[in-house]
Amino acid sequence: AGTATFGLVGSYAKASDLSTILEALNYTSSPVSYTSGPGSNQVDAFYSDTRTLIATAENLDLNAIVDSFGTTLNFLKMKLIFIKNKATATGQYLQVSGNFWDGDTSSLGPLGGTSPVAYIGPGGSFLWDSPIDGATVTNTTKDTITLTNTVPPAGFAYDIILLGTIT
């Protein structure tokens, strides 16, 4: 069980002739509470890791990923995916792809279309959250997240958090 919340606090200032106009932003999404189970707003499996990507790419198989307790998880649905690129140098992009992201109106993937790709810049993050429906994981055809280092051989770390169902 847990709660997922996204927040952003900042301000935007623009000088005019005699004054400065300021717009303050303090946004917090409505918290999404997850309980244990396979239904809406429920998850029963959790994976998190800090990984170092030195090679060109690595594939994470959502039907054979091992959690911190040594248990092999066989995800049926993904509910939340968070990826943080921990690179600090300009140009060290983390490319996110793989067959899990593909989708159409009958087999919704988080990004849709065929062979979609997302890029996470240095210090950036990617968040996908679908607490009610989630996205179906299908063994061998829709089960792989591929993370590609765009500037090998330079290596850098990334964090990944996956919430989903295995029952």
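**Strands, pocket and burial in a predicted model**

Reader: What makes strand 10 and strand 16 a pair?

Author: Strand 10 and strand 16 are joined by eight bridges in the antiparallel sense. Two strands pair if DSSP finds at least two bridges between them, and eight bridges meet that rule. One of the facing positions is F82, which stands opposite I161 in strand 16. The model is predicted, so local features need pLDDT of at least 70 and side-chain atom pairs count only at pLDDT 80 or more, while totals for chains, interfaces and linings use all residues. Residues are numbered from 1 along each chain as its sequence is written, and side-chain values use heavy atoms, with hydrogens and water left out.

Reader: What counts as a strand, and how many does the chain have?

Author: Strands are DSSP runs of E with at least two residues, helices are runs of H or I with at least four, and both are numbered from the N terminus. By this rule the chain has 16 strands and zero helices.

Reader: Why is strand 16 called mostly covered?

Author: A residue is buried under 20% relative accessible area, exposed over 50% and partly exposed in between, using a 1.4 Å probe and protein chains only. Seven of the 10 residues of strand 16 are buried. Strand 16 also pairs with strand 6 in the antiparallel sense, through nine bridges, and F46 has L163 as its bridge partner there.

Reader: Why is strand 2 said to lie largely in the open?

Author: Zero of the nine residues of strand 2 (residues 7-15) are buried, so the strand lies largely in the open. A15 has T20 as its bridge partner, and a hairpin of four residues links the two strands.

Reader: What makes strand 1 and strand 5 edge strands?

Author: Three strands form an open sheet of mixed pairing, in the order 1-4-5. Strand 1 (2-4) and strand 5 (42-43) each have a single partner strand, so one side of each is left without a neighbour in the sheet. Strand 1 pairs with strand 4 (residues 32-36) in the antiparallel sense over three bridges, with A4 opposite V32.

Reader: What makes a space a pocket, and how much space lies in the largest one?

Author: On a 1 Å grid over the protein atoms alone, a pocket is an open set of points with protein on both sides within 12 Å along at least five of seven lines; lining residues have an atom within 4 Å of a point. The largest pocket holds about 430 Å³. It is lined by 21 residues, and those closest to its centre are T3, A4, Y34, L80 and L163. Among the strands that each supply at least two lining residues are strand 1, strand 4, strand 10 and strand 16.

Reader: How do you know that N149 is buried?

Author: N149, in strand 15 (residues 144-149), has a relative accessible area of 2%. That value is under the limit for buried, and therefore N149 is classed as buried. Contact means heavy atoms within 4.5 Å; leaving aside neighbours within four places in sequence, N149 is in contact with residues including L53, Y93 and F156. A polar atom of the N149 side chain lies 3.4 Å from the backbone oxygen of L53.

How values were computed: 1 Å grid on protein atoms, 1.4 Å probe; cavity = no way out; pocket = protein on both sides within 12 Å on 5 of 7 lines; lining within 4 Å. Points joined across faces, edges and corners; volume = space filled by probe spheres on them. Polar contact = N/O pair within 3.5 Å; in protein donor to acceptor, adjacent residues only side chain to side chain.
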